[in-house]
Amino acid sequence: MAQPLVKKDDDRDDEEEYSPFLGIEKGAVLQEARVFNDPQLDPRKCNQVITKLLFLLNQGETFTKVEATEVFFSVTKLFQSRDMSLRRMVYLIIKELSPSADEVIIVTSSLMKDMNSKTDMYRANAIRVLCRIIDGTLLTQIERYLKQAIVDKNPVVASAAIVSGIHLLQTNPEIVKRWSNEVQEAVQSRAALVQFHALALLHQIRQNDRLAVSKLVSSLTKGSVRSPLAQCLLIRYTSQVIRESGNNSSTGDRPFYDFLEGCLRHKAEMVIFEAARAITELNGATTRELTPAITVLQLFLSSSKPVLRFAAVRTLNKVAMTHPMAVTNCNIDMESLISDQNRSIATLAITTLLKTGNESSVDRLMKQITNFMSDIADEFKIVVVEAIRSLCIKFPLKYRALMNFLSNILREEGGFEYKKAIVDSIVILIRDIPDAKESGLLHLCEFIEDCEFTYLSTQILHFLGIEGPKTSDPSKYIRYIYNRVILENPTVRASAVSTLARFGAMVDSLKPRIFVLLGRCLFDSDDEVRDRATLYLNTLGGDGEVVETTEDTKNFLFGSLDVPLANLETSLKNYEPSEEPFDINSVPKEVKSQAVGDKKAPGKKPTGLGAPPSAPASSVDAYEKLLSSIPEFSSFGKLFKSSTPVELTEAETEYAVNVVKHIFDRHVVFQYNCTNTVPEQLLEEVTVFVDASEAEEFSEVVTKPLRSLPYDTPGQTFVAFIFEKPNGDLPAVGKFTNTLRFIVKEVDPSTGDTDDDGGVEDEYQLEELEVVAADYVLKTGVSNFRNAWEGMDPDTEREADYGLGPRESLSEAVGAVISLLGMQPCEGTEVVPTNSRSHTCLLSGVFIGNVKVLVRLSFGIDAHKEVAMKVVVRSDDESISDTIQEIVANG
């Protein structure tokens with residue numbers, strides 16, 4: 001039985017909610033359903049039982065075939081009742097029970113009778129139920145009635161028929177498409193809901209015909225749509241037509257944009273917002289096109305309705321990512337939203353301000369945010385922290401104010417994810433802004449004094465061990481690190497011991513003090529801490545004598561393993577205890593899976609503590625370890641740069657191949673990452689034949705084949721070239737044709753057995769590969785370009801002017817030159833303001849041979865879209881300045 005609603009006691013502190021369906025059981029309800037068979041029906045009692053049945057069905061309760069059939073046949077008897085509320089419940093339960101085809105025939109006649117009833121409520125509901133339960137054969141019998149219902153004078157009946165058509169379009173599209181004329185007539189209906197549903201159905205019928213959709217939009221944008229809901233749909237369809245027809249402002253597109261702009265003056269707020277959002281999401285929208293939409297959204301920011309304020313600020317937040325300057329006029333209104341009672345609105349307002357603010361507004365924003373942070377949840381705080389991180393990278397000179405803000409909120413209460421976001425931000429600022437290193441490390445040291453999260457403590461200690469010894473006064477960090485040995489849990493103590501040892505290995509003057517501290521760790525209660533202390537003391541020479549730590553010792557203690565970790569794990573699992581000790585040299589050095597930079601699962605790139613110390617260096621280190629394990633490449637010297645993977649095959653082909661270009665001083669190694677996607681094949685002796693006839697400066701020196709390539713197991717094959725420098729210091733460039741060659745053997749996918757025959761030789765043509773000038777330049781950022789520029793010898797400066805010819809926009813020209821040189825844009829200068837006629841872009845990088853290079857590019861575009869460019873270069877070597885100018889001249 002359902003429990004009656006209980007009146008709440010106002011004096012009770014712990015108020016409880018009582019459900020009228022509390023304690024309902026399926027068996028009891030099925031027993032109650034016998035009331036449907038009573039000679040004298042009680043409509044009120046029947047309504048209650050049907051309500052309970054619907055509740056059970058919606059809660060996921062399953063009825064057996066027998067139970068569902070019994071209930072269905074009992075319900076059909078309720079058609080005898082003339083009670084309108086009971087009839088509505090009958091329609092609902094029949095629709096939810098979804099009777100089988102042989103049962104549907106029982107109610108079809110009753111429903112068809114209702115569909116032609118004089119009572120509009122019966123007609124509308126009967127149409128909905130019939131269209132839900134019947135199949136295509138029965139649908140053709142009632143199609144004539146449905147067509148009539150679509151153009152019925154009663155809007156409830158018409159809407160029911162049209163909505164049913166929307167559902168039927170998924171299962172019986174051929175039949176529904178025959179209703180186009182009736183639906184077209186319904187679009188002109190005066191009833192708002194009918195017009196809305198009719199437009200949705202008409203668009204779905206024509207959605208695969210772009211020309212038909214375009215004609216539909218053209219006819220309706222002339223003012224025949226009255227319903228605000230239908231108007232919103234029409235705006236969306238118009239945006240779709242504009243997107244599909246491209247960015248050209250031909251005569252066919254302009255009226256559509258004018259329609260969107262006209263909707264900004266509509267009397268319904270939903271239509272105004274939909275139009276504003278559509279305009280802001282147009283591809284290549286100019287500032288002139290955006291201005292009316294931004295103005296409307298600005299008015300919404302001061303609305304008394306929270307939903308309008310939220311919608312406006314969220315849209316402006318998205319616009320700020322691509323057109324920050326267009327949103328700056330709204331900054332004053334958004335600043336007032338920082339104190340909004342709705343925390344979602346306040347958070348979006350702050351993050352938008354951080355994206356659009358200029359350098360002078362940073363300090364004022366920080367003061368406002370400080371008061372705001374204590375009032376919001378951690379998930380919103382994380383969004384704000386990430387926005388502040390981006391702002392600091394954009395304006396590196398403001399790092400002090402932003403770093404102080406981050407350190408202050410780091411000391412406040414908060415969960416793990418929030419604290420990790422702050423710590424990651426500080427770490428990124430330390431890496432990207434050299435001037436922020438010392439203050440940032442001290443903030444982290446103060447944080448671990450009272451850090452409750454073991455993971456963060458260990459990661460910060462590890463980071464301190466890497467960066468601390470490189471600072472001007474490494475000794476000031478020792479106290480913070482040793483405090484962890486005294487006060488923390490075993491995991492953090494072990495990490496602190498390793499950090500102390502790293503300071504001792506890197507800073508010889510600190511060795512005596514470090515040895516004393518490590519000596520105290522020998523008596524620790526945890527064996528891991530004692531073992532680490534013993535290892536470091538014995539390896540670094542714990543007799544107190546200050547001796548310079550050799551590179552071999554540093555590599556042994558703190559370097560990475562020479563063998564892949566996965567291979568080591570497999571070898572240790574396979575090792576059987578015996579008199580012979582485990583030999584690490586027996587671990588295979590070949591990487592069985594793809595290396596760093598190859599195909600990865602989509603997701604966010606690790607940042608902060610989770611990221612390697614330096615993005616360019618980390619990939620180089622990973623590849624260097626891989627290449628150094630191959631004897632054929634050991635004489636090539638130190639790896640300078642590794643490119644991102646270049647795809648050489650189309651998606652969904654039988655063999656997936658991408659290539660990474662590894663640049664050495666005089667050699668280039670192509671690492672071909674191959675994956676066999678055919679389960680019935682095993683590939684052996686896999687090599688890539690490289691035709692270098694269009695790369696005259698390159699000569700092939702060695703090829704390392706891949707012995708075996710099973711299904712879905714990535715592997716690598718390598719080809720190495722030596723190159724000559726053709727014209728002085730101009731780097732060698734060229735185009736390479738690639739052909740994958742292999743022996744293919746048949747495999748039985750069910751058993752994995754391979755045919756014993758010798759296999760068949762085969763080959764597969766790959767895409768061409770180019771080595772370009774940008775491959776010889778490593779991207780490296782500078783925190784203060786002006787200081788770095790003035791710190792270089794003016795005698796190395798080289799200046800030249802170039803004409804780049806006609807271009808679509810200044811932004812395209814800037815992107816092309818950045819891509820040509822392969823250098824890192826500084827201070828956000830890669831972004832060209834909309835409609836700008838001139839622009840300056842700052843680039844920095846390291847040319848092969850570890851020569852630092854800085855470039856200033858000045859662009860101008862005239863009325864005929866002709867672009868002129870001035871290039872000024874400074875570097876550590878004047879010959880490299882000449883080389884950069886030659887690259888631009890030849891590009």
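# A tour from Glu-335 to the cores

Select Glu-335: apart from residues up to four places away in sequence, Glu-335 touches Leu-353, Arg-364 and Gln-368. A contact here means heavy atoms within 4.5 Å. The model is predicted, so local features need pLDDT of at least 70 and side-chain atom pairs count only at pLDDT 80 or more, while totals for chains, interfaces and linings use all residues. Residues are numbered from 1 along each chain as its sequence is written, and side-chain values use heavy atoms, with hydrogens and water left out.

Stay on Glu-335, which is found in helix α19 (residues 331-336). Helices (H or I, at least four residues) and strands (E, at least two) are DSSP runs, numbered from the N terminus. Is Glu-335 buried or exposed? Glu-335 counts as buried because its relative accessibility is 19%. The cut-offs are under 20% relative accessible area for buried and over 50% for exposed, with partly exposed in between (1.4 Å probe, protein chains only).

**The whole chain**

Of its 891 residues, 48% count as buried. Take the contacts between residues at least 6 apart in sequence: 64% of them join residues at least 24 apart.

Select residues 228-244, helix α13, which has 17 residues. From first C-alpha to last, α13 reaches 25 Å, close to the 24 Å expected at 1.5 Å a residue. The expected span is 1.5 Å times one less than the number of residues. Buried residues of α13 include Cys-232, Leu-233, Leu-234, Ile-235 and Tyr-237.

Next, select residues 399-410, helix α23, with twelve residues. Its end C-alpha atoms are 16 Å apart, which agrees with the 16 Å that α23 should span at 1.5 Å a residue. Among the buried residues of α23 are Tyr-399, Met-403, Phe-405 and Ser-407.

Go to Leu-139 in helix α7 (residues 136-150). Leu-139 is buried, with a relative accessible area of 0%. Which residues does Leu-139 touch, not counting those up to four places away in sequence? They are Ile-134, Leu-146, Leu-168, Asn-172 and Ile-175. Leu-139 and Ile-175 are 36 residues apart along the chain, and their C-alpha atoms are separated by 8.4 Å.

Then pick Arg-493 in helix α28 (residues 490-506). Arg-493 counts as buried, at 9% relative accessibility. Not counting residues up to four places away in sequence, Arg-493 touches Arg-484, Val-485, Glu-488, Asp-524, Ser-525, Asp-526 and Val-529.

**Rings**

How many aromatic pairs does a search of the whole structure find? The search finds 16. Rings of Phe, Tyr and Trp (its six-membered ring) pair if their centres lie within 6.5 Å; planes under 30 degrees apart count as stacked, over 60 as edge-to-face and the rest as tilted.

Select Phe-633 and Phe-636: the ring centres are 5.6 Å apart and the planes are at 35 degrees, so this pair is tilted. Phe-633 counts as buried at 4% relative accessibility, and Phe-636 counts as buried at 9%.

Move to Phe-698 and Phe-736, whose ring centres are 5.2 Å apart with planes at 75 degrees, so the pair is edge-to-face. This pair links distant parts of the chain, 38 residues apart: Phe-698 is in strand β6 (residues 698-704) and Phe-736 in strand β9 (residues 734-746). Both Phe-698 and Phe-736 are buried.

Lys-26 lies over the face of Phe-63, 5.7 Å from the ring centre. The charged end of Arg-87 sits over the ring of Tyr-122, at 4.6 Å from its centre.

**Nonpolar cores**

In soluble globular proteins, nonpolar side chains tend to be buried together. A nonpolar core is a set of buried Ala, Val, Leu, Ile, Met, Phe, Trp, Tyr and Cys residues joined through side-chain atoms within 4.5 Å.

The largest nonpolar core has 194 residues, and Phe-36 and Ile-94 have the most contacts inside it. Helix α6 (residues 120-133) gives the largest share of this core, nine residues. At least three residues of this core come from each of domain 1 (29-245 + 254-279) and domain 2 (451-559); domain bounds come from an automatic or database domain assignment.

Select Ile-94, which touches residues including Phe-72, Val-75, Phe-79 and Val-129, not counting those up to four places away in sequence. Another core lies apart from the largest one and has 65 residues, among them Ala-695, Leu-706, Ile-848 and Val-871.

Key:
Lys NZ or Arg CZ within 6 Å of the ring centre and 35° of its normal.
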